[in-house]
Amino acid sequence: MTMTSPHACDAHCRHEPHGIYIISSSNAVEKAEQLELAQQHLRALGWEVDLDQDALARFQRFAGTDEQRVNAIHRALEQPHQVVLSSRGGYGLSRLLPVINWRAVADSHKRFVGHSDFTAFNNALLAQTGAISYAGPCAAFDFGVAEPDDLTLDLFHESMTDQLEILSFESEGSDAVDARGVLWGGNLAMVCSLLGTPYFPHVDQGILFLEDVGEHPYRIERMLMQLWQAGVLQRQQAIVLGHFTDYKLAPRDNGFDLNQVIAWLRRTVKVPVVHGLPYGHTEVKVTLPIGKKIGIATESDMAYLVIEEHH
């Protein structure tokens, strides 16, 4: 069971909702009805919502050609809404990284939000400019259903309006930690895909969070091993694990499972490991600020992410 502690901000730090602009930067949206439902649910929270002109475009597996999709990102910078929400993940953003105007994205101060393939955008923006973006729900995947998860909706709304100060969640058996650092990461496969490129953030003493879908535990371990052997994991204050879902074990695994991978991680890297983060390809999904310095602590089988600190 996930618990949150919003601790409402003082009046000076509250921001009333304005608008959301939905773009498609990766795979094509399967059904137009998904974005119609997403708009309905977001408007019910008080948001104005507009679709990019190519939000429903389709070229091969993608939401339009590379040119269409990068133009959608740049159009988002010119429109009035403050929040830019990705429609879905899949694949395609990696192709756009060299032609996105990262300085213009940072200077716009828009809040770009998405997950899965959008991890490439989140971390590239951080690497190129140091600007903050958000790992969180996607319009079609999370909100384009008849009944989206209430907690996911609420956490998205609170994050976008600066009302989420502390996120707490059950984290039985996690390592002891009490630290502050830059939050970064997201989808493990996408993080690894950026390694060795100009779009990989070089974060020291950070808080790295990871999730993935459809990856067998041995592939998860192999990607973690790549990050460790590249010197990334041991430079972090904590490694926070979200959900790793939709994989199948086989008889030949002979007891090798995700728990064994986590045990290897703890034994080898010797950095505090925190698990149970409600983030991944799941219904319940928090919205997290990539690139922001936050606090992390564990106590009595609970973990706490301090998103906003007030002194």
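**View 1. Leu227 sits buried at 0% relative accessibility.** Buried here is under 20% relative accessible area, exposed is over 50%, and partly exposed is in between, with a 1.4 Å probe and protein chains only. This is a predicted model, where local features need pLDDT of at least 70 and side-chain atom pairs count only at pLDDT 80 or more, while totals for chains, interfaces and linings use all residues. Residues are numbered from 1 along each chain as its sequence is written, and side-chain values use heavy atoms, with hydrogens and water left out. Leu227 belongs to helix α8, residues 217-229. Helices are DSSP runs of H or I with at least four residues, strands are E runs of at least two, and both are numbered from the N terminus. Skipping residues up to four places away in sequence, Leu227 touches Leu188, Val191, Cys192, Leu195, Phe200, Val232, Leu233 and Gln234; contact means heavy atoms within 4.5 Å. Val191, one of that set, is 36 residues away along the chain, and its C-alpha lies 9.0 Å from that of Leu227.

**View 2. Helix α6, residues 150-160, is mostly covered.** Eight of its eleven residues are buried: Thr152, Leu153, Leu155, Phe156, His157, Glu158, Ser159 and Met160. At the N-terminal end, Asp149 does the capping, with a side-chain oxygen 3.0 Å from the backbone nitrogen of Leu151. Following the helix comes Asp162, with a positive phi near 60°.

View 3. Thr152 is down at 2% relative accessible area, so it counts as buried. Its side chain reaches the backbone oxygen of Glu283 at 2.7 Å. That is a polar contact, meaning a pair of N or O atoms within 3.5 Å; within protein, one must be able to donate a hydrogen and the other to accept it, and residues adjacent in sequence count only if both atoms are side-chain atoms. Neighbours within four places in sequence aside, Thr152 is in contact with Pro137, Phe143, Glu283, Val284 and Lys285.

View 4. Most residues other than glycine have a negative phi. With a relative accessible area of 42%, Gln205 is partly exposed. Ser300 counts as exposed, at 68% relative accessibility.

**View 5. Stepping back, the protein has nine helices and 14 strands.** Its radius of gyration is 19 Å, close to the 19 Å that the globule rule gives for 311 residues, so it is as compact as a globular protein of that length. That radius is taken over C-alpha atoms, and the rule is 2.2 Å times the number of residues to the power 0.38. The C-alpha trace spans about 50 × 50 × 40 Å along its principal axes. Buried residues make up 56% of the 311. Of the contacts with a separation of 6 or more, 81% join residues 24 or more positions apart.
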